[in-house]
Amino acid sequence: MVIIRKAEPKDAREIKQVHVSAYQKNYRGFLPDDYLDNMKIDNDIIDRTQNHIKTNEYLVAECEGKVVGFAKLCIPAEKEVEIQALYIHPNYQKRGIGALLVNKVCQDKKEQGFRKLIIWTIKNGPSVGFYLKQGLKASNTLEKIWKFNIHIVRFEKEI
């Protein structure tokens, strides 16, 4: 059983473990191997993540008492919510956990009066099919450059 809940600072280490594991598996071939192979989780990163959780909105997906996924949210414009980060640990991918997180964000934010969900992802990247299944559509005009000169595209849907 998967529980979706608000993240707490104590979740920081598990959130970063999910983040690094998902990056290393899903972005191989998109980001430089050297960058992926040298990602680490040290006390400074844990401290920064704990502080970030205190001042930003995060949801975690918990399975058997363990954080296996998370979504980090922001509000880029009035009535819009953006999922800035959505990662599921590779051992738990393809089980519907990402969809549970997206649905929870949409449900909660719609109740709060938000009208649009936004997600930026690598153009032609590994997450595109997932976002399409969630009902998001790629913008034909909104594209920007991310780290390592990678093109990312904005996906959105009305909620």
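Which residues of helix 1 are buried? I began there, taking buried as under 20% relative accessible area with a 1.4 Å probe and protein chains only. I found Ala 12, Ile 15, Lys 16, Val 18, His 19, Val 20, Ala 22 and Tyr 23.

This is a predicted model, where local features need pLDDT of at least 70, side-chain atom pairs count only at pLDDT 80 or more, and totals for chains, interfaces and linings use all residues. Residues are numbered from 1 along each chain as its sequence is written, and side-chain values use heavy atoms, with hydrogens and water left out.

**Helix 1.** I looked up its packing next. Its buried residues pack against helix 2 (33-37), helix 3, strand 2 (57-63), strand 3, strand 4 and strand 6. Helices (H or I, at least four residues) and strands (E, at least two) are DSSP runs, numbered from the N terminus.

**Lys 109.** I then turned to helix 4 (residues 97-111), where Lys 109 sits. Lys 109 is buried, with a relative accessible area of 4%. Its side chain makes a polar contact of 2.8 Å with that of Glu 57. Such a contact is a pair of N or O atoms within 3.5 Å; within protein, one must be able to donate a hydrogen and the other to accept it, and residues adjacent in sequence count only if both atoms are side-chain atoms. Setting aside neighbours within four places in sequence, I listed Glu 57, Leu 73, Val 81, Phe 114 and Ile 159 in contact with Lys 109, meaning heavy atoms within 4.5 Å.

Definitions and conventions. Buried means under 20% relative accessible area, exposed over 50%, partly exposed in between (1.4 Å probe, protein chains only).
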